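Work through the exercises below with the structure open. Try each task before reading its solution.

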Amino acid sequence: MANKEATVAELTEKFSSSAAILLTEYRGLTVAQLKELRRSISTDATYAAAKNSLLEIAAKNAGASACDGQLFGPTAMAFVHGDAVTVAKALREFAKANPLLVVKSGVLDCASLTADEVKKLTSSLAKC
């Protein structure tokens with residue numbers, strides 16, 4: 001139980017301190033592929049997978065209601081502490097090579113983003 005509480009506390013902090021959050025589904029990716037993805041975004045983001053119930057509690061604790069209804073299936077989140085556009089582009093490039101990675105949605109400046117809006121970020125030269 002203490003481990004779950006520590007996980008929720010850590011995730012709550014990530015939700016609270018992130019400039020943006022990008023939600024992904026990673027069903028079918030190998031551990032090696034996930035390590036590669038984490039490395040590719042490590043300068044600007046932290047990629048974390050956790051049980052959806054723990055992610056939901058942490059999101060609620062942090063007031064991130066934009067994630068409501070998005071936490072289903074194997075979900076992992078890119079908690080962006082740098083440039084959201086750079087991270088979105090890195091996820092797009094990784095998904096091209098590894099089509100099992102699906103960007104489901106995102107949150108930028110407390111606003112919900114659909115998967116298509118996250119894609120539009122990748123063509124943006126500046127932050128929204």
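**Exercise 1.** State how much space lies in the second largest pocket and which elements line it.

Solution. The second largest pocket holds about 160 Å³ of space. A pocket here is an open set of points on a 1 Å grid over the protein atoms alone, where a 1.4 Å probe fits, with protein on both sides within 12 Å along at least five of seven lines; lining residues have an atom within 4 Å of a point. The volume is the space filled by probe spheres set on the points, which are joined across faces, edges and corners. Two or more lining residues come from each of α4, β4 (102-108) and α5 (115-122). These are DSSP runs, numbered from the N terminus: helices (H or I, at least four residues) and strands (E, at least two).

The model is predicted: local features need pLDDT of at least 70, side-chain atom pairs count only at pLDDT 80 or more, and totals for chains, interfaces and linings use all residues. Residues are numbered from 1 along each chain as its sequence is written, and side-chain values use heavy atoms, without hydrogens and water.

**Exercise 2.** Decide whether A90 is buried or exposed, and find what A90 touches.

Solution. First, locate A90 in helix α4 (residues 84-97). Next, compare its relative accessible area of 18% with the cut-offs: buried is under 20%, exposed over 50%, partly exposed in between (1.4 Å probe, protein chains only). A90 is therefore buried. Finally, leaving out residues up to four places away in sequence, A90 touches S40 and I41; contact means heavy atoms within 4.5 Å. S40 lies 50 residues from A90 in sequence, yet their C-alpha atoms are 6.8 Å apart.
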